[in-house]
Amino acid sequence: MKNPLIVALDVPDQDAALRLVERLGPAVPFYKIGLQLFTRCGPGVVEAVKGAGAKVFLDLKFHDIPNTVRHSVESACALGVDLLTIHLCGGGAMIRAAAEGALSGNALVLGVTVLTSSSRETLREAGIEAAVEDQVLRLARLASENGVTGIVASPLEVTLLRQIFGTGLTIVTPGVRPEWAEANDQQRTMTPKAAMQAGADFLVIGRPITGQPNPREAAERILAELM
């Protein structure tokens, strides 16, 4: 089994990020750099994590006019990131622009469906009357029809996505929590083993690993539970 862990570097600065990468060592091959860290440190933190021998998932969730998104994806590819995100609710033209931008490098574009912190009520507040599952499927189809073959979805939708799309989509799954960890602000969660059994390709995990006294031990415990 390949190692599916992507650890979220939700830390305040580059020094903290690199210390965490060093502590986790070979237990984790992939790291997510999101808005908090990238806004504080800029592109240099991507280069530093790549320089430490790890892969990078740049999770900035681009959502803008198509031309801006295309050039943003090109810029991310120039940094050498391995995965990056767009918001699928930007529509078909924006999604196609992102796919075109990705041709400049080797990054896989992931379309974000519905955030794991969202619920039916959250969607209603934004004027969306669909159930969460229906909205995820609608956006996943939009991604597939417009050239994006990776998505981000909660573990609760993975089984249905696999039934409909088979192996045609790479599915990255946040909202993953071991039974011994707190749910925090995630609402639609599942254990790592259950998410993998449902068909997830990658598991994004933050505080259940990074918030532990011994992060590497926590990561290795999760990997052992997947066996």
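What we have here is a predicted model, where local features need pLDDT of at least 70, side-chain atom pairs count only at pLDDT 80 or more, and totals for chains, interfaces and linings use all residues. Residues are numbered from 1 along each chain as its sequence is written, and side-chain values use heavy atoms, with hydrogens and water left out.

Okay, the barrel. Eight strands close up in the order E1-E2-E3-E4-E5-E6-E7-E8, with parallel pairing. Strands here are DSSP runs of E with at least two residues, helices are runs of H or I with at least four, and both are numbered from the N terminus. Two strands pair if DSSP finds at least two bridges between them. Take E1 (residues 5-8) and E8 (residues 202-205): they pair in the parallel sense over three bridges, and Val-7 has Ile-205 in E8 as its bridge partner.

Phe-30 sits in strand E2 (residues 30-34) and Phe-202 in E8, 172 residues apart. Both Phe-30 and Phe-202 are buried, that is, under 20% relative accessible area, where exposed is over 50% and partly exposed in between (1.4 Å probe, protein chains only).

Now, the second largest pocket. A pocket is an open set of points on a 1 Å grid over the protein atoms alone, where a 1.4 Å probe fits, with protein on both sides within 12 Å along at least five of seven lines; lining residues have an atom within 4 Å of a point. Its volume, the space filled by probe spheres set on the points, is about 200 Å³. There are 13 lining residues, and the closest to the centre are Thr-113, Val-114, Ser-118, Leu-123 and Ile-128. Helices H6 (120-125) and H7 (132-145) each supply at least two of the lining residues. What classes are in the lining of this pocket? Eight nonpolar, five polar and no charged residues.

Last stop, Lys-61. You'll find Lys-61 in strand E3 (residues 55-62), with a positive phi near 50°. Lys-61 counts as partly exposed because its relative accessibility is 25%.

Key: Nonpolar A, V, L, I, M, F, W, Y, C, P; charged D, E, K, R; others polar.
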